[in-house]
Amino acid sequence: MVNITIDGVKLSVPSSLTILKAAEIAGHPVPSLCYWEGINEIGACRMCIVEVEGYDHLLPACIDTVAEGMVIHTNSPRVRQARRTNLQLILSQHNCDCPTCMRNGNCQLQRIAFEQGVLSNPFPKYIEPFDWDLTSPLIRDASKCIKCMRCIQVCDKIQSLNIWDVAGTGSRVTVDVSYNRTIREADCAFCGQCVTHCPTAALHERDDTEKVLDALADPDTITVVQVAPAVRVAWAEELGIDSDIFSTPKMVGVLKQIGFDYVFDTNFAADLTIMEEASEFIERFTHRDQYKWPMFTSCCPGWVRFLKSNFPEMTDNLSTAKSPQQMFGAVAKSYYAEKLGKAPEDIFCVSVMPCTAKKYEASRPELGRDGYQDVDYVLTTRELAKLIRYVGLNLSDLPDSEFDSPLGIGSGAGAIFGA
């Protein structure tokens, strides 16, 4: 243990602790942009700098550890000026058109600029052009990249796919797909971890909300939506409301008020999946000499894409059953379309999923039939929240509702399988 002082607060903390963590304990947290504990501890953004008595230079709090007798100032005039200058330099290479940004109101850079009182920028502006394949489920907007390297680290250290890397030199340094590839050429699983860890909108999912709104406005189109179990809580969290009060029945009521004709639970399709895969397992088990073992299964298209691209020799070990999302789309455009007396092309099937890879899965041509996709569009939880804000509903006044039948009924076994 060492004894330190942070902004007049005396502490006794472990010597292995960073100044950043010690400042949090002292109740004087310092801002940071690039830092992500255990993943990205490189001191790149220099927003967490602090002044330590006896040192000529300011120290990055995220990578420097405490030492006996340290007297630390987290908000001195020198620190405030340096942070503001560093932030202005970052903003000079950032597309600050915030009102049209997907992360407007939910952006760490925007929040820190507000907290640091940045009202002007004396530095000349250079914005990297936005050049990307807009059909990809994963979008990278170079004009909003702040070079924090979080995406590189999470992809390398956690996903082990090495999709992102530093490109360029000097003032031209940026982040791009590694080995000079396009995102389509890379082995990206579209898992969305880089999107989750990006502090701005430099990485985000492809926005399909307008296409869904167009379908909702078409009186000749039957719109059905399936909701994954994880979304039941996450939709409220994304909107900043109490998930205990705004629970599943409220979410169903919201989707019906938005205009969906039928609202279903993906758990129904998960039940179909476990039956299909159990049958396939029995077939394989009773004819062991005809199949590769062991048999793998996953309803996660990111995991399936990862296996196929990184371990192609194990592709035959995969179950041939579709995921619950795709099974639901197939049933909606066959059984349910027939039940409604409609043609499959009259059914517009939407999935609300917690995963960017589901967008990729829905667009795979081999998973469609007769010229149409089983699932037309996939919305992430963020997009659902955006749709709710866009429609402008007063959630407190909306009635609760239940999933429609029969595709809204689940045994619970499907949820266990998913877990």
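Predicted model: local features only at pLDDT ≥ 70, side-chain atom pairs only at ≥ 80, totals over all residues.

User: What do Glu280 and Arg284 form, and how far apart are the closest N and O atoms?

Analyst: Glu280 forms a salt bridge with Arg284, and the closest N and O atoms are 3.2 Å apart.

User: Are those two side chains buried or exposed?

Analyst: Glu280 counts as buried, at 13% relative accessibility. Arg284 is buried too, with a relative accessible area of 3%. Both values fall in the buried class because its cut-off is under 20% relative accessible area.

User: How many salt bridges does the structure hold?

Analyst: The structure holds 18 salt bridges. One of them joins Arg78 to Glu51, with 3.8 Å between the closest N and O atoms. That pair links distant parts of the chain, since Arg78 is in helix α2 and Glu51 in strand β3, 27 residues apart. Arg78 counts as partly exposed, at 36% relative accessibility.

User: Which residues are linked in a network of salt bridges?

Analyst: The network links Arg206, Asp208, Lys211, Lys359 and Glu383. Within it, Asp208 forms a salt bridge with Lys359, and their closest N and O atoms are 2.8 Å apart. This pair also links distant parts of the chain, 151 residues apart: Asp208 is in the loop between β9 (203–205) and α6 (209–217), while Lys359 is in helix α13, residues 357–363. Asp208 is buried, at a relative accessible area of 1%, and Lys359 is buried at 2%.

User: Staying with α13, what is found in the loop between α13 and β13?

Analyst: Asp374 is found in that loop. Asp374 is buried, with a relative accessible area of 1%. The side chain of Asp374 makes a polar contact with the side chain of Lys322, at 2.7 Å.

User: Now the sheets. What is the strand order in the sheet that contains β13?

Analyst: The order is β11-β10-β12-β13, an open sheet of four strands with parallel pairing. Its edge strands are β11 (262–265) and β13 (377–380), each pairing on one side only. Direction ignored, neighbouring strands are turned by 25 degrees against each other on average.

User: How many bridges are there between β10 and β11?

Analyst: Strand β10, residues 222–227, pairs with β11 in the parallel sense over four bridges. Val225 stands opposite Val263 in β11. Helix α14 (residues 381–391) packs on this sheet and touches β12 and β13, its direction making about 85 degrees with that of β13.

User: Which residues touch the most other members of the largest nonpolar core?

Analyst: Those are Val231, Trp235, Met251, Leu255, Phe260, Ile388 and Leu395, in a core of 48 residues. Strand β12 (residues 347–353) supplies the largest share, six residues. A separate core has 26 residues, including Trp132, Leu138, Ile163 and Trp164. In soluble globular proteins, nonpolar side chains tend to be buried together.

User: What does Leu255 touch?

Analyst: Leaving aside residues up to four places away in sequence, Leu255 touches Val225, Val227, Phe260, Val263 and Leu384.

User: Which residues of α8 are buried, and what covers them?

Analyst: In α8, residues 248–258, the buried residues are Lys250, Met251, Val252, Gly253, Val254, Leu255 and Ile258. Their cover includes α6, β10, α7 (231–239), β11 and α14. Just after α8, Gly259 takes a positive phi of about 130 degrees.

Note on methods
Residues numbered from 1 in each chain as written. Heavy atoms only, no water. Core = buried A, V, L, I, M, F, W, Y, C linked by side-chain atoms within 4.5 Å. Buried < 20%, exposed > 50% of the residue type's maximum accessible area, 1.4 Å probe, protein only. Helix = DSSP H or I, 4+ residues; strand = E, 2+ residues; numbered from the N terminus. Contact = heavy atoms within 4.5 Å. Pairing = 2+ DSSP bridges. Axes fitted to C-alpha atoms, helices over the stretch in contact; angles between N-to-C directions. Salt bridge = Lys/Arg side-chain N within 4 Å of Asp/Glu carboxyl O. Polar contact = N/O pair within 3.5 Å; in protein donor to acceptor, adjacent residues only side chain to side chain.
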